[in-house]
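Me: I have a few labels here that I'd like to pick apart. Can we go through them and check each against its cut-off?

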Amino acid sequence: MKTTLTAQSLSDTRAALKEANTAFNHRYPGESSRRQPIHSVYGGAHLFKAETASKLAEVALRSWEEHAPDARTLARVLGLAEEGTLAETVHARVVSKLRREAVEDYRIDFEDGYGHRSDAEEDGHAVAAAEELARGLERGSLAPFTGIRIKSFSDELFARAVRTLDLFLSALVEKTGGRLPPHFVVTLPKVTLREQVAALDSVLSGLETGLGLERGVVKVELMVETPQSLFDPEGRLALPRLVAAAQGRCTGAHFGAYDYTAACGITAAHQHLFHPSCDFARHVMQVSLAGTGVHLSDGATTAMPVGPHKAPKGGALTPAQQEENRAAVHRAWRLHADNVRQALTNGFYQGWDLHPAQVPVRYAAVYAFFLEGLEAASRRLKAFMDKAAQATRLGDVFDDAATGQGLINFFLRGIACGALTEDEARAAGLTLEELRTRSFLEILQGRRGS
């Protein structure tokens, strides 16, 4: 058959396209295979100890046992079906998780959770927190993910933020002999300019050089708490430029709903995660960072699951007071669970917890989300795999290759957070080797070649 174009005539076009595609793939490598914690627990730096994670776990488990002692109570609180085994499975897996690893990510906070103190006081807390972190690293008592949130890089707070970071890292490296905790990260709040992120990269580069650390070993998270974090003065997306300014350090972008809504002029009574302005901000975050491998995290539920009554010293609460406490905790849990479910539905798999009693209900909401979708996802994926990439119709849901990857992601996310077991993934027709590829297309290619 006759053609007009030749390989030589297409060489320049092909070379230019190859260069552009290579640059695109570098910028958008796809979803990261790094484990993503499902929450970050923030606590004031002045309170941090090597045993903080284990103490928070004790409080979380105690609250769970007191206010959700059985599956039936949990079903009523979260609106789960009381018939069947869902509530029982969720309840059992939450208890197991709390006993094994209640806190996945902990942030030592020198910002909102710490407040403004004298320079001498903050200096002391920076060194003390670093020494406690080093002690926790030696004892193996830290959360799997940990880090420090410094103050913002505004003109007023830059010097204080840098000094705290310098004191903290210098003391930590001295105490550990150059080791950093696994998944250690520095969180930069209230970002408004790419120059602030570039400044953090420059400061960290100087510290790494001075402390004998590998270049880029200290990772960063950016707080999206201002409209300027989303759009620059010309109306262009700002987040990609902020991430790029971190020079490969940025691993996450965390949404700060309350600072953001305040900056948008929303009054306190309407500052909550369900506000439409929060939906808009989260969607912009997704559009900006989809495919980059940067993890996204939702904001916090500010209603604390704490009852209004405390037992007097040497005394006990009355039955009426106990019931009022339980009702207050259940209301806060229900709101937190609703926020978590909304985040999961919208593709945000991580969020903030501000109180240890919030931790168990986050796990419960996450586990219920995945377990409720398990049967349908298993049927769809098994049918799709059996057809080996042929588009198929199961009921009234049409599947294609993109949906196949989405189903794989469902199982990867569910297993990573502890909601699903590997046996449940195998029941959907997947082998562990196939799951480890993390790619629907690779699985299909493997099956075609077998």
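Predicted model: local features only at pLDDT ≥ 70, side-chain atom pairs only at ≥ 80, totals over all residues.

Me: Where is Lys 190, and what is its phi near?

Reply: Lys 190 is in the loop between β4 and α7. Phi there is near 50 degrees, again positive in a residue that isn't glycine.

Me: Why is Lys 190 called partly exposed?

Reply: The relative accessible area of Lys 190 is 25%. Buried would need under 20% and exposed over 50%, so with 25% Lys 190 falls in between and counts as partly exposed.

Me: What makes Thr 226 buried or exposed?

Reply: Thr 226 has 10% relative accessibility. The cut-off for buried is under 20%, so Thr 226 counts as buried. Thr 226 belongs to the loop between β5 (219-224) and α8 (239-245). Leaving aside residues up to four places away in sequence, Thr 226 touches Lys 190, Val 191, Thr 192 and Tyr 260.

Me: How do you know that the side chain of Thr 226 makes a polar contact with Val 191?

Reply: The Thr 226 side chain reaches the backbone oxygen of Val 191 at 2.9 Å. A polar contact takes N or O atoms within 3.5 Å, one able to donate a hydrogen and the other to accept it, so 2.9 Å is inside that limit.

Me: On to helices. Why are α6 and α7 called roughly parallel?

Reply: Helix α6 (residues 158-176) and helix α7 (residues 194-211) pack at about 30 degrees, with axes 11 Å apart. Angles under 35 degrees count as roughly parallel, so this pair gets that label. The crossing of α6 past α7 is right-handed.

Me: Which residues meet there, and how do they divide?

Reply: From α6 there are Val 162, Leu 165, Asp 166, Leu 169, Ser 170 and Val 173, and they meet Leu 200, Val 203, Leu 204, Leu 207 and Leu 211 of α7. The contact residues divide into 9 nonpolar, 1 polar and 1 charged.

Terms used
Residues numbered from 1 in each chain as written. Heavy atoms only, no water. Axes fitted to C-alpha atoms, helices over the stretch in contact; angles between N-to-C directions. Helix = DSSP H or I, 4+ residues; strand = E, 2+ residues; numbered from the N terminus. Parallel < 35°, antiparallel > 145°, perpendicular 65-115°, else oblique. Left-handed = near helix turned anticlockwise from the far one by under 90°. Contact = heavy atoms within 4.5 Å. Nonpolar A, V, L, I, M, F, W, Y, C, P; charged D, E, K, R; others polar. Buried < 20%, exposed > 50% of the residue type's maximum accessible area, 1.4 Å probe, protein only.
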